[in-house]
Protein chains: 2
Amino acid sequence: MKIERQSKILELIKQNDIETQSELLEKLNAEGFSATQATVSRDIKELRLVKIPGSNGAYKYACETVSEDESQSNSYLFSTAVTNIDYAHALVVIKTKVGMAQAVCAALDSTNRAGVIGTIAGDDTIFVATRSDSASAGLVSDLKKLISDKSISFS
Amino acid sequence: MKIERQSKILELIKQNDIETQSELLEKLNAEGFSATQATVSRDIKELRLVKIPGSNGAYKYACETVSEDESQSNSYLFSTAVTNIDYAHALVVIKTKVGMAQAVCAALDSTNRAGVIGTIAGDDTIFVATRSDSASAGLVSDLKKLISDKSISFS
DNA sequence: CATAGTTTTGAATCATTATACTATAGATTT
DNA sequence: AAATCTATAGTATAATGATTCAAAACTATG
């Protein structure tokens with residue numbers, strides 16, 4: 001239950017501007033998840049989400065992400081070297097051009113991303129062990145965005 | 001006044017782990033700035049600081065876009081993955097958790113450390129060829145320091 | 001300098017979030 | 001199976017943070 005709920009939370013905060021935990025709770029309820037504010041608070045802590053002061057003067061919850069500088073240089077590396085990204089449960093698989101996996105993996109490691117337990121790189125493949133399905137989904141989503149946008153930010 | 005105070009706030013949250021606005025307020029007072037929690041709250045909003053759930057279970061204030069320097073992120077990787085370090089003459093042997101050796105080795109390579117001739121990683125073991133006994137000793141010492149100084153934090 | 005407008009601030013309060021405590025369900029051991 | 005442990009989640013409350021409102025401190029302009 002916890003995993004599904006946290007996964008849904010990630011989905012919700014990506015799709016909506018959510019200002020408070022109560023608001024998030026409402027949306028969770030609307031999706032059929034029953035929980036309390038206390039639980040949401042704990043989920044937020046585990047997911048390492050942050051409440052950021054938005055530009056419009058309001059607050060919203062967002063995923064913690066990599067810094068801008070890093071993401072720019074990493075973006076270049078990723079978009080030139082990565083050929084495919086997929087995942088199954090708590091394992092993300094990144095395919096790269098031959099010989100590039102080590103470099104990409106080091107870059108990925110340097111982001112010290114929450115939810116990532118460990119990585120191992122071969123020659124053209126990286127396995128990323130994550131803490132959960134939702135962590136995998138989040139990572140894949142962010143990486144794809146990084147590659148396509150060449151920029152990543154709080155969303 | 002506002003500018004100086006906000007500047008000091010940035011300085012304070014970079015140098016300290018500050019968990020609450022009250023705590024920040026105390027430090028501000030100690031620096032000769034008189035303000036109230038309300039003002040601090042507003043400053044935080046303007047500066048777009050975030051309260052992030054830290055890895056140690058505590059919260060802390062941090063800049064929205066955080067750049068962790070290389071040594072910090074490597075420190076994290078090393079401290080989570082490395083289980084033992086030893087050396088004999090010009091060979092350092094690093095034992096890691098299963099599957100982590102490649103990642104650790106890539107991180108180690110990325111430091112381009114002087115005195116290191118080459119590295120090779122298996123599944124849970126890394127061999128580091130160095131130029132001399134003393135190069136080995138230095139590397140081991142530095143790695144151990146990096147690991148013990150495992151405070152991984154946004155700064 | 002006087003006045004109007006703007007910005008900043010504090011006090012009090014309201015709103016939000018974190019956590020201590022407890023209960024329960026599932027797993028593990030004896 | 002009974003006993004013990006572990007993880008999860010709810011309740012109630014404490015802790016923390018945001019905001020309203022009014023006053024003070026600035027700024028600009030005639």
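Welcome to a predicted model, in which local features need pLDDT of at least 70, side-chain atom pairs count only at pLDDT 80 or more, and totals for chains, interfaces and linings use all residues. Residues are numbered from 1 along each chain as its sequence is written, chains are lettered from A and ligands numbered from 1 in the order in which they are written, and side-chain values use heavy atoms, with hydrogens and water left out. Let us walk through the DNA contacts, then the protein itself.

**Around DNA strand D**

- DNA strand D is surrounded by 20 residues, and the closest are R5(A), T39(A), Q21(B), S41(B) and Y61(B). Here a residue is near a strand if one of its heavy atoms lies within 4 Å of it.
- Which parts of DNA strand D account for 62% of its atoms that come within 4 Å of the protein? They are sugar and phosphate.
- Helix 1 (2-15) and helix 3 (37-47) of chain A, along with helix 3 (37-47) of chain B, each supply at least two residues of the surface near DNA strand D. Helix 3 of chain B gives the largest share, 5 residues.
- Helices (H or I, at least four residues) and strands (E, at least two) are DSSP runs, numbered from the N terminus.
- By residue type, the surface near DNA strand D divides into 6 nonpolar, 7 polar and 7 charged residues. In this scheme Ala, Val, Leu, Ile, Met, Phe, Trp, Tyr, Cys and Pro are nonpolar, Asp, Glu, Lys and Arg are charged, and the others, Gly among them, are polar.

**Around DNA strand C**

- Of the 19 residues around DNA strand C, the nearest are Q21(A), S41(A), K51(A), Y61(A) and T39(B).
- Sugar or phosphate makes up 62% of the atoms of DNA strand C within 4 Å of the protein, and bases make up the rest.
- K51(A) places a polar side-chain atom 2.8 Å from a phosphate oxygen of DNA strand C. An N or O atom in the side chain of Y61(A) is also 2.8 Å from a phosphate oxygen of DNA strand C.
- From chain B, a polar backbone atom of T36(B) is 3.2 Å from a phosphate oxygen of DNA strand C.
- Which element gives the largest share of the surface near DNA strand C? Helix 3 of chain A does, with 5 residues.
- This surface near DNA strand C holds 5 nonpolar, 7 polar and 7 charged residues.

**Charges over rings**

- The charged end of K51(A) sits over the ring of Y59(A), 5.4 Å from its centre. K51(B) lies over the face of Y59(B), at 5.3 Å from the ring centre.
- A charge sits over a ring if NZ of Lys or CZ of Arg is within 6 Å of the ring centre and within 35 degrees of the ring normal.

- Chain A has 6 helices and 6 strands, running α-α-α-β-β-α-β-β-α-β-β-α from the N terminus on.
- Of the 155 residues of chain A, 48% are buried. Buried means under 20% relative accessible area, exposed over 50%, and partly exposed in between (1.4 Å probe, protein chains only).
- The largest nonpolar core has 16 residues, and I85(A), V92(A), I94(A), I126(A), V128(A) and L139(A) touch the most other members. Helix 5 of chain A gives the largest share of this core, 4 residues.
- A nonpolar core is a set of buried Ala, Val, Leu, Ile, Met, Phe, Trp, Tyr and Cys residues joined through side-chain atoms within 4.5 Å.

**Residues to look up**

- R48(A) is not a glycine, yet has a positive phi of about 60 degrees. R48(A) is found in the loop between helix 3 and strand 1 (49-53) of chain A.
- R48(B), not a glycine either, has a positive phi of about 55 degrees.
- Is R48(A) buried or exposed? R48(A) is buried, at 16% relative accessible area, whereas R48(B) is partly exposed at 27%.
- Q21(A) lies in helix 2 (residues 21-30) of chain A, and a polar contact of 2.9 Å joins its side chain to that of Q37(A).

Definitions and conventions: Polar contact = N/O pair within 3.5 Å; in protein donor to acceptor, adjacent residues only side chain to side chain.
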